[in-house]
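Welcome! Have the sequence and the 3D view ready, and work through the exercises below one step at a time.

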Amino acid sequence: MATISLNIDPKIAKTYQEYSPQKKEQIQFLLNLLFQRTLEEDTLNNITNAIRQEAQANGLTPEILAILLENDETETSP
C-alpha cells in the first residue's frame, strides 16, 4: 500500500481521527475501491473515446451507425 494526502472537511478529519483502527481500515478499504472504480471508468472512457475517434476518422458518422444498427435490428427480427 501507498500513502496519499487528501484535503477534506475538518469535521470529517476530526471524526476519522477518533475512529478505532478497525473502523479506519474499513474506510480505507472503501476509499480504495472507490478510487479503483474511478480509474476503471476513466480507462473505459478513454477506450470508448479512442474507438469513437477512429470510427469517425474512417468515415463512420453517428448517422451511418444509426442506419447500420437499424438494418441489423430489422434483419434479426422474426
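**Exercise 1.** Does L31 count as buried, partly exposed or exposed, and at what relative accessibility?

*Solution.* Before starting, note that this is a predicted model, where local features need pLDDT of at least 70, side-chain atom pairs count only at pLDDT 80 or more, and totals for chains, interfaces and linings use all residues. Residues are numbered from 1 along each chain as its sequence is written, and side-chain values use heavy atoms, with hydrogens and water left out.

Step 1: learn the classes. Buried means under 20% relative accessible area, exposed means over 50%, and partly exposed is in between (1.4 Å probe, protein chains only).
Step 2: apply them. L31 has 37% relative accessibility, so L31 counts as partly exposed.
Step 3: L31 sits in helix α2; helices are DSSP runs of H or I with at least four residues, numbered from the N terminus.

**Exercise 2.** Find which residues make the nonpolar surface patch of about 670 Å².

*Solution.* Step 1: recall the rule. Patch residues have over 30% relative accessible area and no salt bridge, and nonpolar side chains (Val, Leu, Ile, Met, Phe, Trp, Tyr) are joined within 5 Å.
Step 1: list the members. They are I4, L6, I8, I12, L31, L34 and F35.
Step 2: look for the main contributor. Helix α2 (residues 21-57) gives the largest share, 3 residues.
Step 3: check one member. L6 lies in the segment before α1 (10-18), and L6 is partly exposed at 49% relative accessible area.

**Exercise 3.** Which residue forms a salt bridge with E18?

*Solution.* Step 1: use the rule, a side-chain nitrogen of Lys or Arg within 4 Å of a carboxyl oxygen of Asp or Glu.
Step 1: find the partner. E18 pairs with K14, with the closest N and O atoms 2.6 Å apart.
Step 2: explain the spacing. E18 and K14 are separated by about one helical turn because they are 4 residues apart in helix α1.

Key:
Patch = residues over 30% accessible without salt bridge, like charges linked within 9 Å, V, L, I, M, F, W, Y side chains within 5 Å. Areas by Shrake-Rupley, 256 points an atom, 1.4 Å probe, with all protein chains shown as cover. Helix = DSSP H or I, 4+ residues; strand = E, 2+ residues; numbered from the N terminus.
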